[in-house]
Amino acid sequence: MKKEIICLGEGNLGRAFKSARIKTIPKSICNVLNIDEIDAIVKKHKPGIIINCTGIVGTIKCYEDESKAFAVNVSGVSNIVSVCIKHNIKLIHFSSFYTGYFNCYTKTKLIGDSIITSSRVKNLIVKLPWLYGYQNKNN
């Protein structure tokens, strides 16, 4: 039986996966800060892979709301990892290169990546230096 691939996140990257006909789960249905919502989505769709496109991105957004950046980029990743381990699901996680400055954004992304690599979840972390999207905005 072929297992489904689901994508969490609805920014530029998440929309790109949706256009590739991968089941994209919007935040209104599955908030990564709620581990029970992630677990319910996994039980419903029974994926073999979760693609994590969630995150608060950019230094300005993270600076403006550091607590939200830590919640999504750290706690959200931890919740996804826990559910992936529980259900033996592979994780593809999109992250960033940490160049130059060490700030709230790079700190939260580094911690999130460390949660993944220090866990026993089967994973692939894809580090993108920049993302250019549909509306000519990076995010």
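Which helix does Leu110 lie in? Leu110 belongs to helix 5.

You are looking at a predicted model. Across the protein chain the mean pLDDT is 87, and 90% of the residues reach 70 or more. The table shows the two ends of the confidence range.

| Element | Confidence | Mean pLDDT |
|---|---|---|
| helix 1 (residues 12–19) | lowest | 76 |
| helix 4 | highest | 96 |

**Inside the protein**

Now let's look at the nonpolar cores. The largest one has 24 residues, and the members that touch the most others are Leu8, Ile50, Ile80, Cys84 and Leu91. Two or more residues each come from strand 1 (4–8), helix 2 (35–45), helix 4 (66–87) and helix 5 (104–117). Helix 4 gives the largest share, with seven residues.

Leaving aside residues up to four places away in sequence, Cys84 touches Ile50, Ile89, Lys90, Leu91 and Val121.

There is also a second, separate core, made of seven residues. Among them are Phe17, Ile22, Cys53 and Phe94.

Together with Tyr98 and Phe102, Leu110 makes a nonpolar surface patch of about 300 Å². Is Leu110 buried, exposed or partly exposed? Its relative accessible area is 36%, so Leu110 counts as partly exposed, because that class lies between the cut-offs of 20% and 50%.

Key. Residues are numbered from 1 along each chain as its sequence is written. This is a predicted model: local features need pLDDT of at least 70, side-chain atom pairs count only at pLDDT 80 or more; totals for chains, interfaces and linings use all residues. Side-chain values use heavy atoms; hydrogens and water are left out. A nonpolar core is a set of buried Ala, Val, Leu, Ile, Met, Phe, Trp, Tyr and Cys residues joined through side-chain atoms within 4.5 Å. Buried means under 20% relative accessible area, exposed over 50%, partly exposed in between (1.4 Å probe, protein chains only). Helices (H or I, at least four residues) and strands (E, at least two) are DSSP runs, numbered from the N terminus. Contact means heavy atoms within 4.5 Å. Patches are made of residues with over 30% relative accessible area and no salt bridge: like charges are joined within 9 Å, nonpolar side chains (Val, Leu, Ile, Met, Phe, Trp, Tyr) within 5 Å. Accessible areas come from the Shrake-Rupley method with a 1.4 Å probe; for residues, only the protein chains shown count as cover. A salt bridge is a side-chain nitrogen of Lys or Arg within 4 Å of a carboxyl oxygen of Asp or Glu. pLDDT is the predictor's confidence in each residue, from 0 to 100.
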